[in-house]
Amino acid sequence: MEIAIIAHDGKKAEMIQFLMDFKALIISKKIDLVATGTTGKNAEKAGFKVTKFLSGPYGGDAQIAARVAEGKTNMVFFFRDPLNSHPHDPDIAMLMRLCDVHDVPLATNPATAECLIKSI
Ligand SMILES: O=C(CO)COP(=O)(O)O
C-alpha cells in the first residue's frame, strides 16, 4: 500500500507528529511513503523511508496526482494550510480532483488521516 504525504509549511510539524504517532503501524503494515520534496525531507529526518518527488511549487503535487491517476498511490494525506494561498493552487486542485475521479481516499487534516490510517 502506497500513501502519499504532503504538507504545506504551516502544517509540516503536524504531519511529522502524525507520522510519529503512527510509526509502528506504518512499519508493521509495510506502508510505502511517497512525498513532495520538502515534506519528504522532513519525514526522512524523523527516521522514515520516503520516496521523494519535486517540491510542491515545482511540480511535486502534479507528480503525485499522476501516481493517483495511474493507480500507484492508494491514499493521500495532504495537510493543507487553509489560511494561506499558494502559487501552485491549480496543481493542488488537480490533485484533489484526481483523488475524487479515481476514488482515492484523501485526508486534508490529521483527524481525517487518523480515521483513514486506522482503517488499514
Ligand atoms: O507545496 C506543497 C503542497 O502543495 C508541499 O510541498 P513541499 O513538501 O515540497 O513543501
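Student: Where does Met1 lie?

Tutor: Met1 sits in the segment before β1 (2-7). Helices (H or I, at least four residues) and strands (E, at least two) are DSSP runs, numbered from the N terminus. Residues themselves are numbered from 1 along each chain as its sequence is written. Keep in mind that this is a predicted model, where local features need pLDDT of at least 70, side-chain atom pairs count only at pLDDT 80 or more, and totals for chains, interfaces and linings use all residues.

Student: Thanks! Is Met1 buried or exposed?

Tutor: Met1 is exposed, because 11 other C-beta atoms lie within 10 Å. The cut-offs are these: a residue is buried with 20 or more other C-beta atoms within 10 Å of its own, exposed with 12 or fewer, and partly exposed in between, with C-beta atoms placed from the backbone.

Student: Which residues is Met1 in contact with, leaving aside neighbours within four places in sequence?

Tutor: Those are Lys29, Ile31, Asp32, Asn74 and Ile120. Being in contact means that the C-beta atoms of two residues, placed from the backbone, lie within 7 Å.

Student: Where is Glu70, then?

Tutor: Glu70 is in the loop between α4 and β4 (75-79). It counts as exposed because it has 10 C-beta neighbours inside 10 Å.

Student: New topic. What does UniProt place at residues 1-120?

Tutor: The unreviewed entry has the feature "domain: MGS-like" there. UniProt positions are given in the numbering used here, feature names are shortened, and annotations may be inferred rather than shown by experiment. In the model, the end C-alpha atoms of residues 1-120 lie 9 Å apart, and the span is 48% helix and 17% strand.

Student: Which residues does the "binding site" annotation cover?

Tutor: According to the unreviewed UniProt entry, His8, Lys12, Thr36, Gly37, Thr38, Thr39, Ser55, Gly56 and His88. Take Ser55, which lies in the loop between β3 (50-52) and α4 (60-69). Leaving aside neighbours within four places in sequence, Ser55 is in contact with Thr36, Gly37, Thr38 and Gly60. Ser55 counts as partly exposed, since it has 16 C-beta neighbours inside 10 Å.

Student: What about Thr38: which helix does it lie in?

Tutor: Thr38 lies in α3 (residues 37-45). Thr38 is partly exposed, as 19 other C-beta atoms lie within 10 Å.

Student: How do α1 and α3 cross?

Tutor: The axes of α1 (residues 12-21) and α3 come within 10 Å and cross at roughly 45 degrees. Axes are lines fitted to C-alpha atoms, for helices over the stretch in contact, and angles run from 0 to 180 degrees between N-to-C directions. The two helices are therefore oblique to each other; angles under 35 degrees count as roughly parallel, over 145 as roughly antiparallel, 65 to 115 as roughly perpendicular and the rest as oblique.

Student: Which residues make that contact?

Tutor: From α1, Lys12, Met15, Ile16 and Leu19, and from α3, Thr39, Asn42 and Ala43.

Student: One last topic: what is said of the phi of Lys30?

Tutor: Lys30 has a positive phi of about 50 degrees although it is not a glycine. Lys30 is in the loop between α2 (23-28) and β2 (32-35).
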